[in-house]
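Work through these exercises with the sequence and the 3D view open. Try each task before you read its solution.

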Amino acid sequence: MKTKFRIALTLAAAVLIIGLFSAEPAVSVLANTNCVQVQGRSTGIFNGVSVDLTFTGAGILNGTGEFTFDFSSLRPTADANSFTYLGEYTINTQQGQVKLNAVALDTAGVPFIHTDIAHVNPNTSTGRFAGATGVIFTKGDGASAEHNGEICFATN
């Protein structure tokens with residue numbers, strides 16, 4: 001038991017030392033990226049096939065959009081009141097169109113709670129968002145939602 005503890009302690013010390021003496025600190029790497037934090041709200045209206053969205057207070061994501069459900073991906077979970085599915089956001093902004101592929105987890109019934117993790121699709125986004133990457137987290141109640149995440153642009 002003492003040998004395993006010594007090995008773990010030695011590895012932890014080595015990682016710490018390498019981190020302290022690396023050529024560039026991690027903070028400068030983050031400061032030199034083309035990434036921006038995004039956060040804001042959306043309101044939506046379900047039209048039977050998708051949700052029509054309006055993004056406000058979301059900075060570069062302000063605009064209109066749509067969340068399209070992939071109904072064939074609908075799956076139950078171990079919790080009888082929850083289900084998962086895939087979907088796609090299309091957000092139309094003044095700087096281009098952002099396309100995001102989402103994995104969602106929702107509750108059935110009242111209160112309805114929606115949450116998803118959406119990855120920016122660099123191949124189908126346009127304008128300033130062409131080639132961009134990033135992740136946006138969403139939580140909401142069906143009629144409105146909060147969005148938080150980061151988008152990293154391919155160029156300035």
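**Exercise 1: Salt bridges**

Lys-99 and Glu-88 form a salt bridge, with their closest N and O atoms 3.7 Å apart. The model is predicted, so local features need pLDDT of at least 70 and side-chain atom pairs count only at pLDDT 80 or more, while totals for chains, interfaces and linings use all residues. Residues are numbered from 1 along each chain as its sequence is written, and side-chain values use heavy atoms, with hydrogens and water left out.

Solution. 
- Step 1. Apply the criterion: a side-chain nitrogen of Lys or Arg within 4 Å of a carboxyl oxygen of Asp or Glu.
- Step 2. Locate the pair. Lys-99 is in strand S5 and Glu-88 in strand S4, eleven residues apart, and the pair links distant parts of the chain. Strands (E, at least two residues) and helices (H or I, at least four) are DSSP runs, numbered from the N terminus.
- Step 3. Glu-146 bonds to Arg-41 in a salt bridge, with the closest N and O atoms 3.3 Å apart. Glu-146 belongs to strand S8 and Arg-41 to strand S1, 105 residues apart, so this pair too links distant parts of the chain.

**Exercise 2: Accessibility**

Task: are Glu-88, Glu-146 and Arg-41 buried, partly exposed or exposed?

Solution. 
- Step 1. Set the classes: buried is under 20% relative accessible area, exposed is over 50%, and partly exposed lies in between (1.4 Å probe, protein chains only).
- Step 2. Glu-88 has a relative accessible area of 27%, which means partly exposed.
- Step 3. Glu-146 is at 33%, and therefore partly exposed.
- Step 4. Arg-41 is at 36%, so Arg-41 is partly exposed.
- Step 5. Turn to the whole chain. Buried residues are 31% of its 156 residues.

**Exercise 3: Order of elements**

Task: how many helices and strands does the chain have, and in what order do the elements run?

Solution. 
- Step 1. Count two helices and eight strands.
- Step 2. Read from the N terminus: α-α-β-β-β-β-β-β-β-β.

**Exercise 4: Cavity and pocket**

Task: give the volume and lining of the largest cavity, then of the largest pocket.

Solution. 
- Step 1. On a 1 Å grid over the protein atoms alone, a cavity is a set of points where a 1.4 Å probe fits but cannot get out. A pocket is an open set with protein on both sides within 12 Å along at least five of seven lines. Lining residues have an atom within 4 Å of a point. Points are joined across faces, edges and corners, and a volume is the space filled by probe spheres set on them.
- Step 2. One cavity of 30 Å³ or more is counted. The largest cavity holds about 40 Å³.
- Step 3. Its lining includes Phe-55, Tyr-89, Thr-138 and His-147. Strand S4 (82-93) and strand S7 (133-140) are the elements that give two or more residues to this lining.
- Step 4. The largest pocket has a volume of about 260 Å³. Its lining has 19 residues, with Val-51, Leu-53, Phe-112, His-114 and Gly-142 nearest the centre.
- Step 5. S1 gives the most to the pocket lining, with four residues.
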